[in-house]
Amino acid sequence: MPQPARAFSWLFPSLLILSLPIYVITGQFWPVRVALGAAGLFLLLFGFCIFRDINGAASSWSRMYKESRGISPERFTFADVPTLKGMGFIYMLMGLFWLGLAIFAM
C-alpha cells in the first residue's frame, strides 16, 4: 500500500488499541475520547485515500489481491478498483461515525 494510506492504516488500529491502556492509566475518559477520535480521523483519511485512489492506493490493493490469488489482471474479481473505492467510502463513513461519537458522546 503506498503512502499516505499505509501510515493511516497503521495509525488507526494503533490508537484504537492504545485507548484502553490510556483509560486504565489515567482513569479519565477524555483521553480515550481523544484517542478514539484520532482513530476515527485516521480511518476517515485512510478511506479517503482509497476512495480517491491517492498514489494508486486502490489500484495497488487490487493488483496485490489478484497477484496473491493467481488471477490475471484482466479478469473481474470483487477486488476490482470500483469495488475497493466503495469500500473506501464505507471506511470514510465509519471514520465520521467514530469521530462524531468521540466528539458528541456523553
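User: Are D80 and K66 buried or exposed, and how do you know?

Analyst: Both D80 and K66 are buried. That word stands for under 20% relative accessible area, while exposed means over 50% and partly exposed lies in between (1.4 Å probe, protein chains only). This is a predicted model, in which local features need pLDDT of at least 70, side-chain atom pairs count only at pLDDT 80 or more, and totals for chains, interfaces and linings use all residues. Residues are numbered from 1 along each chain as its sequence is written, and side-chain values use heavy atoms, with hydrogens and water left out.

User: Why is the contact between D80 and K66 called a salt bridge?

Analyst: The closest N and O atoms of D80 and K66 are 2.8 Å apart. A salt bridge needs a side-chain nitrogen of Lys or Arg within 4 Å of a carboxyl oxygen of Asp or Glu, so this pair qualifies. The pair also links distant parts of the chain: K66 is in helix α3 and D80 is in the loop between α3 and α4, 14 residues apart.

User: How many salt bridges does a search of the whole structure find?

Analyst: The search finds two salt bridges. Besides the pair of D80 and K66, E67 forms one with R63, where the closest N and O atoms are 3.8 Å apart.

User: Why are E67 and R63 separated by about one helical turn?

Analyst: Because they are four residues apart in helix α3, which covers residues 57-69.

User: What makes E67 buried or exposed, and what about R63?

Analyst: E67 has a relative accessibility of 54%, so it counts as exposed. R63 has a relative accessible area of 43%, so it is partly exposed.

User: Which residues make the nonpolar surface patch?

Analyst: F51, F89, I90, L93, M94 and L96 make this patch of about 510 Å². Helix α4 (residues 81-104) gives the largest share, five residues, and F51 is found in helix α2 (residues 30-51).

User: What makes F51 partly exposed?

Analyst: F51 has a relative accessibility of 32%, and that is why it counts as partly exposed.

User: What is the phi of D53, and where does D53 sit?

Analyst: D53 has a positive phi of about 55° although it is not a glycine. Most residues other than glycine have a negative phi. D53 is placed in the loop between α2 and α3, and at 19% relative accessibility it counts as buried.

User: And what is the phi of N55?

Analyst: N55 has a positive phi of about 55° and is not a glycine. N55 is found in the loop between α2 and α3, and its relative accessibility of 56% makes it exposed.

User: What kind of peptide bond joins Q3 and P4?

Analyst: A cis peptide bond joins them, with omega about 0°. Most peptide bonds are trans. P4 lies in the segment before α1 (5-26).

Definitions and conventions:
Patches are made of residues with over 30% relative accessible area and no salt bridge: like charges are joined within 9 Å, nonpolar side chains (Val, Leu, Ile, Met, Phe, Trp, Tyr) within 5 Å. Accessible areas come from the Shrake-Rupley method with a 1.4 Å probe; for residues, only the protein chains shown count as cover. Helices (H or I, at least four residues) and strands (E, at least two) are DSSP runs, numbered from the N terminus.
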